[in-house]
Amino acid sequence: MNASARFRPNGRHLALVGPTASGKSSLALALACSRDDIEIVTVDSMQVYRGMDIGTAKPSAAQQAEVVHHLLDVCDPDDDYTVARFQRECLAVLADIEGRGKRAVLVGGTGLYLQAITDDLEIPARFPDVRAELETEPDTAVLFARLEGLDRLATSRMEPTNRRRVVRALEVTLGSGRPFSSFGPGLEDYPVAPFPIVGLAMERDLLDERISERYEQQMADGFLGEVKALLARPSGLGRTARQALGYTELLDHIEHGLPLNTALETAIQRTRRFARRQQRWFGRDPRIAWLATDGTVSENL
């Protein structure tokens with residue numbers, strides 16, 4: 001029995017989703033500050049890592065002191081944090097919040113993590129021998145083509161260059177004998193959610209501008225120094241953390257001599273493409289109530 005079969009969150013919570021840089025965290029914080037019974041649960045696959053603060057736009061220490069936040073800084077950047085671990089830990093957090101008579105605002109842009117909670121996803125097992133064999137192939141494009149021949153639906157949901165996701169999907173497909181996309185109730189079945197889901201909708205040009213401005217501010221805040229400090233750790237950065245947007249490109253600058261301006265422009269373009277994928281992912285979900293925003297805090301919730 002998986003964790004979600006033992007506990008299902010109640011309807012008093014709220015999920016706040018949308019593309020990166022659309023103002024989700026600010027709105028969640030404002031909502032939590034307006035009430036005394038709300039705690040924030042972060043649904044972000046990179047904010048779980050300690051030391052990855054500036055580049056993930058993690059809530060500041062002051063913001064975390066103002067409102068209780070959960071699932072930030074739960075592992076080291078050399079760990080491989082998984083959907084299964086998030087599902088287990090998030091459900092435990094929600095059970096604790098409910099047990100204290102509080103409510104949660106789940107906020108973030110990692111759609112699969114949220115669906116692991118709302119849709120009671122069945123998380124596939126790991127097959128280390130299969131994975132080890134796959135990792136001997138250095139060309140991610142070859143692995144992507146192999147996966148495409150086995151599970152076209154899975155490949156339609158990922159970037160061909162996202163090696164971590166491609167290898168994981170192939171690992172599960174080959175190890176279990178089932179397509180990776182078949183696990184859970186189905187990512188496009190959309191069962192009744194246990195609590196309301198609100199999405200932030202922002203005009204594309206404005207979102208693009210905000211992504212650029214955020215990178216500019218992050219660099220001014222010391223993003224490059226943060227990446228250098230992470231690299232200086234004895235265990236460095238793990239495979240998953242290295243794939244975080246912004247970090248990947250700055251690592252190319254530090255380790256391979258990519259000009260800094262080129263690295264930043266690449267990060268901006270990749271983040272904009274990522275935002276489009278987030279919009280498509282959430283846009284398919286009929287359960288989401290959309291709220292138009294220009295990035296300023298709204299009181300419509």
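In this predicted model, Asp120 counts as partly exposed, at 29% relative accessibility. Asp120 lies in the loop between helix 5 and helix 6 (128–135), and its phi is positive, at about 55°, although the residue is not a glycine.

- Helix 5 spans residues 111–118 and is mostly covered, with 7 of its 8 residues buried.
- The buried residues of this helix are Gly111, Tyr113, Leu114, Gln115, Ala116, Ile117 and Thr118.
- Gly111 has its place in helix 5 and counts as buried because its relative accessibility is 8%, under the 20% cut-off.
- Leaving out residues up to four places away in sequence, Gly111 touches Trp281 and Phe282.
- Gly111 and Phe183 stand 72 residues apart in sequence, and their C-alpha atoms are 15 Å apart in space.
- Thr110 lies in the loop between strand 4 and helix 5, and it is buried, with a relative accessible area of 17%.
- When neighbours within four places in sequence are set aside, Thr110 is in contact with Val43, Asp44 and Ser45.
- Asp120, with its positive phi of about 55°, comes just after helix 5.

**A positive phi at Ala21**

- Ala21 is not a glycine, yet it has a positive phi of about 70°.
- The residue is placed in the loop between strand 1 and helix 2.
- Ala21 counts as buried because its relative accessibility is 9%, whereas Asp120 counts as partly exposed at 29%.

**Salt bridges**

- The whole structure contains 25 salt bridges.
- One of them joins the side chains of Arg103 and Asp37, at 3.0 Å from N to O.
- This pair links distant parts of the chain: Arg103 is in strand 4, Asp37 is in the loop between helix 2 (24–33) and strand 2 (38–42), and the two are 66 residues apart.
- Arg103 counts as partly exposed, at 24% relative accessibility, while Asp37 counts as buried, at 17%.
- Asp53 and Lys58 form another salt bridge, in which the closest N and O atoms are 2.8 Å apart.
- In that pair, Asp53 is partly exposed at 33% relative accessibility, and Lys58 is buried with a relative accessible area of 10%.
- The side chains of Asp285 and Arg287 also meet in a salt bridge, at 2.9 Å from N to O, and both residues are buried.
- Through salt bridges that share partners, Asp80, Arg131, Glu135, Arg163, Arg168, Glu171 and Arg239 are joined into one network.

**A negative patch on the surface**

- Glu203, Asp205, Glu209, Glu213 and Glu216 gather on the surface in a patch of negative charge.
- Glu203 is exposed because its relative accessible area is 62%, over the 50% cut-off.

**Asp294, after strand 6**

- Asp294 is placed in the segment after strand 6 (288–292).
- The residue is partly exposed, with a relative accessible area of 46%.
- With its neighbours within four places in sequence left aside, Asp294 is in contact with Met202, Leu206 and Arg210.
- Asp294 and His69 are 225 residues apart in sequence, and the distance between their C-alpha atoms is 25 Å.

Definitions and conventions: Residues numbered from 1 in each chain as written. Predicted model: local features only at pLDDT ≥ 70, side-chain atom pairs only at ≥ 80, totals over all residues. Heavy atoms only, no water. Patch = residues over 30% accessible without salt bridge, like charges linked within 9 Å, V, L, I, M, F, W, Y side chains within 5 Å. Areas by Shrake-Rupley, 256 points an atom, 1.4 Å probe, with all protein chains shown as cover. Salt bridge = Lys/Arg side-chain N within 4 Å of Asp/Glu carboxyl O. Lys, Arg positive; Asp, Glu negative; His and termini not counted. Charge placed at Lys NZ, Arg CZ, Asp CG, Glu CD. Buried < 20%, exposed > 50% of the residue type's maximum accessible area, 1.4 Å probe, protein only. Helix = DSSP H or I, 4+ residues; strand = E, 2+ residues; numbered from the N terminus. Contact = heavy atoms within 4.5 Å.
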